[in-house]
Amino acid sequence: MSVKQELEKKTKRTCLYDKHLSLGAMMVEFGGFDMPLLYQSGIAKEHAAVRERVGLFDVSHMGEVTVKGQDAERYVNHIFTNNVTAMPVGKIVYGMMCYDDGGTVDDLLVYKLAEQDFFLVINAANIDKDWAWMQQQAEGFDIELKNESEIYGQIAIQGPESEHIVETVLGLPCKELTFYTCKTIEAPSGAVGGVISRTGYTGEDGFELYASHDYIRDCWDRLIAAGVQPCGLGCRDTLRFEVGLPLYGDELSEQISPVMAGLTAFVKFDKPEFIGREALLRQKTEGVSRRLVGIELHDKAIPRHGYAVLNMDGQPIGEVTTGYHTISTDKSVCMALVDTAYAALGTDVQIQIRKKVFPGTVIKKQFYNKSYKK
């Protein structure tokens, strides 16, 4: 078997794979899937479309797990750092699943579709790991736990015009949805009930549609025919990065806890118990050795994942998790995990890029907001 055949054998394809090829997308492997990195328009144009108008993403590679039954709420609270107690139907919350030592299994969204009926959206690269871990934690709970990642396709419509596009092009009423809410929909195919939500991973208004593969393919075609800009993983990363949103594997991992990542707001210590609670509480009260920070370089050089962060004496103090020369703000910035002694805003540091070092300053991780003007 050739190397190409071996790679094709190992990677999965979403229900929109052929649509990407027909649009001339550059395909790459991500999370075990063949995914579009960018289209012929390029990352900058796709990025601008989402910031200024509307863009369309294939996110069918994401995983979906359903939890139902009389212990569903208790189970989700057991594995999840946020609190779903008395959560209203139609609400969505963000949080993490953690190991006993506080390391992150994954970050995820939890949708409440009905009483004792939860819909968990997990990262593509972690589907198999997450599913095995969730099954291990289910002992003693009266629940029906299903991995439905193969059933659902998903698209994300993102940008300031997204509400108008969803309502007029797809015919799906969505005005009543507020930020981090959802509702179920009847998919015309009848194959699987759909879900529409209003969250977004771009810093812009946006909607996510989960439904059968056939229905998602039909929606994609209608949106493309209406002139909506298709967008790849490249601009999805530049968009989320600019507003300081984490990516699992970069800003969160088995070695990077929510406390280290600055996500303690999504860890509810007032819950009586959840996996990792004691370790995370200890980190919060006693402190951690490293913290995630933002850094702005005083130069046009571009910091990349894994590049060393140095103090002003040239000693290693951490490493870059994600870095770009931002499209929206025209600045060289990065997120980095650094020794806590250097995590205060205004601290001067250096980034080693190949054989050179470039000075920078610790700043807030949100590098862009809607009020920003170049």
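Helices (H or I, at least four residues) and strands (E, at least two) are DSSP runs, numbered here from the N terminus. The structure is a predicted model, in which local features need pLDDT of at least 70 and side-chain atom pairs count only at pLDDT 80 or more, while totals for chains, interfaces and linings use all residues. Residues are numbered from 1 along each chain as its sequence is written, and side-chain values use heavy atoms, with hydrogens and water left out.

With 15% relative accessibility, T181 counts as buried (buried means under 20% relative accessible area, exposed over 50%, partly exposed in between, with a 1.4 Å probe and protein chains only). Leaving aside residues up to four places away in sequence, T181 touches G90, I92, I196, S197 and R198, where contact means heavy atoms within 4.5 Å. The C-alpha atoms of T181 and P88 are separated by 9.6 Å, although these residues are 93 residues apart along the chain. A polar atom of the T181 side chain also lies 2.7 Å from the backbone oxygen of T178.

Turning to the rings, the structure holds eleven aromatic pairs. Rings of Phe, Tyr and Trp (its six-membered ring) pair if their centres lie within 6.5 Å; planes under 30 degrees apart count as stacked, over 60 as edge-to-face and the rest as tilted. One of the pairs, F119 with Y152, is edge-to-face, at 5.3 Å centre to centre and 80° between the planes. F119 lies in strand 8 and Y152 in the loop between strand 9 (144-147) and strand 10, so this pair ties together parts that are 33 residues apart in sequence. F119 is buried, with a relative accessible area of 0%, and Y152 is buried too, at 8%. Another pair, F269 and F274, is tilted, with 6.4 Å centre to centre and 40° between the planes; F269 and F274 are both buried. Ring pairs also link Y111, F119, Y152 and Y210 into a cluster.

Finally, there is the pocket lining. By class, the lining of the largest pocket has 27 nonpolar, 13 polar and eight charged residues. Here Ala, Val, Leu, Ile, Met, Phe, Trp, Tyr, Cys and Pro count as nonpolar, Asp, Glu, Lys and Arg as charged, and the others, Gly among them, as polar. Helix 8 gives the largest share of this lining, five residues.

Technical notes. Polar contact = N/O pair within 3.5 Å; in protein donor to acceptor, adjacent residues only side chain to side chain.
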